Amino acid sequence: MTTEPRPAIPWAPMAATAVLWGSAFPAIRIALPDYTPTSIAVLRIAVALVLLVPCLVLGRVGRLRRGDVARMAAFGLTGMTAYQLLLYTGEQSVEGGTAALLITASPVFATLLGIAFLKERPGVRGVAGLAIALCGAVLVAVTTGGGSGSLTGAAMIILAAAAQATSFILQKPLLNRYSGVECTFYGSLFGLVPMLPLAPSALAQATTAQGHRTAAVIWLGLACTALAFWTWSRTLRTASAATSSLVLYGVPVAALALDAALLHSLPAPTALLGGLLVLAGITVAATRRTTPRIVAQSQKSSAPPAARPSDRITEPTSRT
């Protein structure tokens, strides 16, 4: 009996992606005193686009089909424009680590949208995991800070998670026709267009901002967008979707560690508990019961010849 070797897990690009995406949360907090949320969004997307221009020149970014313009534009507006503006506004009153815990609710919204628009069936485990994760997100939100500003910021970040989930649903069919680099380029392009009137204000703030705050904005575009999407695409090419999703679990861990190291801040214990509930719920929803293929093959081979045609007719087709 021969077994197919399992593909090696790309630990290096997975870890790099988690750290890069996690570093965005403290970087935003560093940049906010000298930049408004809209200016950070404009400059981050602009930096990412400048870095992706060589890919366009070298032919790694193909032409966008006319039938995909509307969907790609919606992906850019939700995943780039709305997500960033809501996240940056929320982080004006919410610590980076707490914001990262709230953003982990994004798969919850993705599941709900998948049920509504993609006709996906999460099953009993999916529903149970969804309920656990929602309880965790609510716990993080209601225990964030002590004032109305913090609660408003938490609400903004939850809306950012919903916007991110919407962009995932919109992007899913596009990935069948475009690479990750192409989606990032066109998504950033469409995301930047509605914010172009804000560009002069962003440039004016860049001329008066302190150097380390401008460096944080450049880091957001260079590392957290362009480089992180490259490491993410490497992960998707060499690992299954279930394995790749582990990156999402590592982002809040990296954000909490970096937030504590750079800004000396940690969420409240109840917020950490809520974050653990969110991760536990996502884990429950992502775990599926599977039938071992070796057992199924051995049962099939031991069946008498006369029974095999009927086996082929009644045997369900497994798709992953």
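View 1. Helices are DSSP runs (H or I, at least four residues), numbered from the N terminus.

**View 2. Here's who touches whom between α2 and α8.** On the α2 side, look for Val42, Ile45, Leu49, Leu52, Cys55 and Leu56; α8 brings Val181, Thr184, Phe185, Ser188, Leu189, Gly191 and Leu192 (contact: heavy atoms within 4.5 Å). Sorted by class, that makes 10 nonpolar, three polar and no charged residues, with Gly counted as polar.

**View 3. Phe185 and Tyr186 make up the one aromatic pair in the structure.** Their rings sit 5.4 Å centre to centre with 80 degrees between the planes, so they go down as edge-to-face (centres within 6.5 Å, planes over 60 degrees apart).

**View 4. His264 has a positive phi, near 55 degrees.** You'll find His264 in the loop between α12 (246-263) and α13 (269-286). At 69% relative accessibility, His264 counts as exposed (over 50%). Most residues other than glycine have a negative phi.

**Notes.** Residues are numbered from 1 along each chain as its sequence is written, and side-chain values use heavy atoms, leaving out hydrogens and water. Since the model is predicted, local features need pLDDT of at least 70 and side-chain atom pairs count only at pLDDT 80 or more, while totals for chains, interfaces and linings use all residues.

Note on methods
Rings of Phe, Tyr and Trp (its six-membered ring) pair if their centres lie within 6.5 Å; planes under 30 degrees apart count as stacked, over 60 as edge-to-face and the rest as tilted. Helices (H or I, at least four residues) and strands (E, at least two) are DSSP runs, numbered from the N terminus. Buried means under 20% relative accessible area, exposed over 50%, partly exposed in between (1.4 Å probe, protein chains only).
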